[in-house]
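Dear colleague,

My notes on it follow directly after.

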Amino acid sequence: MLQLKNIDKFFADRRIFAAIDWHIRPTDRIGLCGENGAGKSTLLKLLAGLVESDGGVLQIAKGTTFGYLPQDGLEHKGSSLFIETQSALADLQQMESTLRQLESTIAESADAEELERYAELQQLFEQRGGYQMESEVGRVLHGLGFSTEDFNKPCDNFSGGWQMRIALAKLLLQKPNLLLLDEPTNHLDLPARDWLEEYLLSYPYAIVLVSHDRFFLDSVVSRIVEIWNGQLTTYPGNYSRYIQARDERIMALKAAKQQQDEEIAKIEAFISRFRYQANKASQVQSRVKQLEKIERISLPPQRKKIAFSFPTPPKGGRIIVGLQRASQHYGSLKVLQHVDVQVEQGERLALVGPNGAGKSTLMRLLAGVEAPVSGERLEGHNMQQAYFAQNQADELNPERNVYTEIMAESPVAMVPKLRNILGSFLFSGDDIEKSVKVLSGGERNRLALAKLLLRPANLLLLDEPTNHLDLQSKEILLDSLKKYQGTIIFVSHDRYFVDALATRILEVGHGQVESYLGNYEDFLRAKQLLGDSSHSSQRVEQHSAKTDEDDSSTDKQSRIQAHSERKEQQRREQKQKKELTKIENKIETLEQQLVKLEQLMADPLTYQDQDHWRQVSADYAKLKDSLDNWYQQWEKLQV
């Protein structure tokens with residue numbers, strides 16, 4: 001349906017695309033991958049006709065229609081949500097208007113030609129779903145998170161993220177032959193993201209998308225196109241298969257390049273040795289020509305293995321934080337009503353629910369930055385927290401540069417690691433010298449997160465930490481959080497991130513909080529078993545059916561094994577937690593006994609009875625040794 005031939009594209013003196021060839025078939029589902037600045041968004045704009053190539057030919061099949069969703073910047077004004085969204089079906093609305101006019105004409109005079117035209121138009125209108133037009137608009141709006149009460153609200157009332165949802169709804173209703181989506185999940189919560197995944201799985205035409213949501217890429221696309229060094233490389237399968245295939249390809253390329261380099265070195269050595277010998281002139285020239293014909297192998301950039309570890313968190317009690325019968329109201333809006341939450345040491349809690357359900361409110365209550373209107377917040381022993389709010393970037397000092405801003409509050413032990421940490425959050429080279437005040441919103445958010453993660457704390461509260469991070473940065477953050485020894489409470493709309501990190505899910509909605517053990521996939525299955533008929537259970541069934549149909553038995557076995565391993569990991573963590581509690585109780589008892597013996601040893605009367613003194617001293621030494629052993633066991637379980 002669309003073909004690129006020898007396409008070149010330049011920005012100033014930089015060559016973005018170098019004579020690329022690419023073919024998009026009518027039902028392709030393609031994910032574009034590559035480093036930041038590789039040209040993913042530029043390629044989408046080129047396909048959409050928003051930018052022109054500097055060379056080559058773009059061939060488009062007749063009748064191809066395009067739909068393009070940018071990352072942000074779209075705004076809708078002047079009409080209600082429902083009317084604005086329905087305007088995407090302007091051709092159907094026009095057909096409906098024509099049918100009404102024909103009905104009036106026919107009622108006055110039953111002209112045969114008019115009757116025939118009416119019958120043909122009515123049939124076409126029915127075939128194209130005209131009679132389901134309003135219900136389809138409602139279905140898409142509900143799927144993307146709008147409530148029925150929103151339908152009559154002016155579009156002007158909706159913020160930037162919701163404006164992008166309106167734009168996405170209109171695109172989906174138009175059903176273009178080629179759907180071009182640049183970060184479509186950026187402004188979606190998990191329920192809306194799951195709904196979009198399900199919708200795209202059944203989309204009848206071609207899709208090309210850019211996304212930093214790994215689970216979304218794994219579920220939706222069937223082909224990855226990697227952009228690097230001005231070239232496109234195609235990998236069959238989803239993102240996980242691409243990562244594996246890419247590593248295998250790079251290994252093969254390295255071996256081929258090594259062999260080529262050795263061959264080139266031999267040829268160059270021959271040329272160098274015999275360049276000035278007349279009897280070898282023809283052989284030298286032959287090898288010079290041979291060198292010129294060799295197509296040099298170039299390797300994709302090696303992904304830096306950047307990682308960092310959190311400072312060791314201070315020891316806290318078994319219960320780290322909790323809420324008891326807590327409610328939070330804003331005027332007449334009752335967001336939370338009499339909720340009970342108890343968070344234990346070492347847990348990784350994900351707060352889930354649609355936008356506006358109260359996830360951030362619950363996070364603020366747990367963080368103590370808001371007091372509940374009723375009920376109370378309970379802090380555990382020696383609880384030390386670090387809280388990352390959605391507006392955390394506002395706390396940065398605009399007069400500093402990136403490096404001095406992160407160094408200003410860094411513990412001394414972390415200073416040598418600061419450049420690596422900044423690199424993992426996409427600040428490298430000259431970027432660290434940038435002034436904070438010239439950073440983009442995404443850059444400010446990433447810097448604020450990097451700063452927060454330096455603080456030694458045994459409780460991390462993270463509200464949307466994955467916003468504005470690319471796939472590699474999310475992996476680095478995820479790996480670091482997995483190794484973190486403290487407690488984590490977080491909100492993220494990245495399904496892969498939640499699945500990989502969470503050990504318990506708190507569902508927030510209708511003023512209440514429900515708890516589910518496991519990660520997000522376990523939560524969806526639990527909802528399904530409870531007979532939940534919302535998007536999640538339906539999505540699990542359809543996604544499972546799609547997976548069974550399309551994936552190989554090996555992939556299915558891998559998923560079963562991964563699920564089993566995750567369950568086993570949860571069992572081990574629960575067992576470890578029980579063992580830790582048992583050891584901590586024992587340590588507490590021994591420490592109390594030790595304090596009593598120390599008080600006894602400090603009493604002068606104890607010294608007057610030598611036998612008694614020797615017995616107390618021996619008991620003290622024995623108790624001290626026992627306490628040291630229990631501490632060693634506790635430390636081993638913390639690793």
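In these notes, contact means heavy atoms within 4.5 Å. By that rule, and not counting residues up to four places away in sequence, Tyr607 touches Met601 and Trp613.

Before going further, please note that this is a predicted model, in which local features need pLDDT of at least 70 and side-chain atom pairs count only at pLDDT 80 or more, while totals for chains, interfaces and linings use all residues. Residues are numbered from 1 along each chain as its sequence is written, and side-chain values use heavy atoms, with hydrogens and water left out.

Helices (H or I, at least four residues) and strands (E, at least two) are DSSP runs, numbered from the N terminus. Tyr607 belongs to helix α20, residues 604–608. Buried means under 20% relative accessible area, exposed over 50%, and partly exposed in between (1.4 Å probe, protein chains only). Tyr607 counts as partly exposed because its relative accessibility is 43%.

Domains

Domain bounds come from an automatic or database domain assignment. For this chain the assignment gives domain 1 (1–76 + 164–237), domain 2 (79–157), domain 3 (253–293), domain 4 (319–530) and domain 5 (578–638). Between the C-alpha centres of domain 2 and domain 4 the distance is 45 Å.

The sheet containing β3

Two strands pair if DSSP finds at least two bridges between them. Six strands in the order β5-β6-β7-β3-β8-β9 make up an open sheet with mixed pairing. Its edge strands, each pairing on one side only, are β5 (66–69) and β9 (231–236). On average, and with direction ignored, neighbouring strands of this sheet are turned by 20° against each other; axes are lines fitted to C-alpha atoms, for helices over the stretch in contact, and angles run from 0 to 180 degrees between N-to-C directions.

Strands β3 (residues 29–33) and β8 (residues 223–228) run parallel and are joined by four bridges. Within this pair, Ile30 stands opposite Arg223 of β8. Helix α1 (residues 40–48) packs on the sheet, where it touches β3, β5, β6 (178–182), β7 (206–210), β8 and β9, and its direction makes about 150° with that of β6. Helix α6 (residues 160–174) lies across β5 and β6 and runs at about 165° to β5.

The α9 and α10 pair

Helix α9 (residues 239–274) and helix α10 (residues 281–293) have axes that come within 9 Å and cross at roughly 145°. The contact involves Glu263, Ile264, Ile267, Glu268, Phe270, Ile271 and Phe274 of α9, together with Gln283, Val284, Arg287, Val288, Gln290 and Leu291 of α10.

The sheet containing β16

A further open sheet has six strands in the order β14-β15-β16-β12-β17-β18, again with mixed pairing. Here the edge strands, each pairing on one side only, are β14 (385–388) and β18 (512–517). Its neighbouring strands are turned by 15° against each other on average, direction ignored.

Strand β16 (residues 487–491) is largely enclosed by the rest of the structure, because five of its five residues are buried. Thr487, Ile489 and Val491 point one way from β16, and Ile488 and Phe490 point the other way. In a regular strand the side chains alternate between the two faces of the sheet. Strand β15 (residues 459–463) pairs with β16 in the parallel sense over five bridges, and Leu459 has Thr487 as its bridge partner. Strand β12 (residues 348–352) also runs parallel to β16, with three bridges between them; Arg348 stands opposite Ile488.

The buried residues of helix α17 (residues 520–529) are Tyr520, Asp522, Phe523, Leu524 and Lys527. Asp522 has a relative accessible area of 6% and is therefore buried. Just after α17, Gly531 takes a positive phi of about 80°.

Leu426 lies in the loop between α13 (418–424) and α14 (441–452). Its relative accessibility is 22%, so Leu426 counts as partly exposed. Not counting residues up to four places away in sequence, Leu426 touches Asn36, Asp431, Arg446, Asp470 and Ser473. Leu426 and Leu477 are 51 residues apart along the chain, and their C-alpha atoms are separated by 12 Å.

With kind regards
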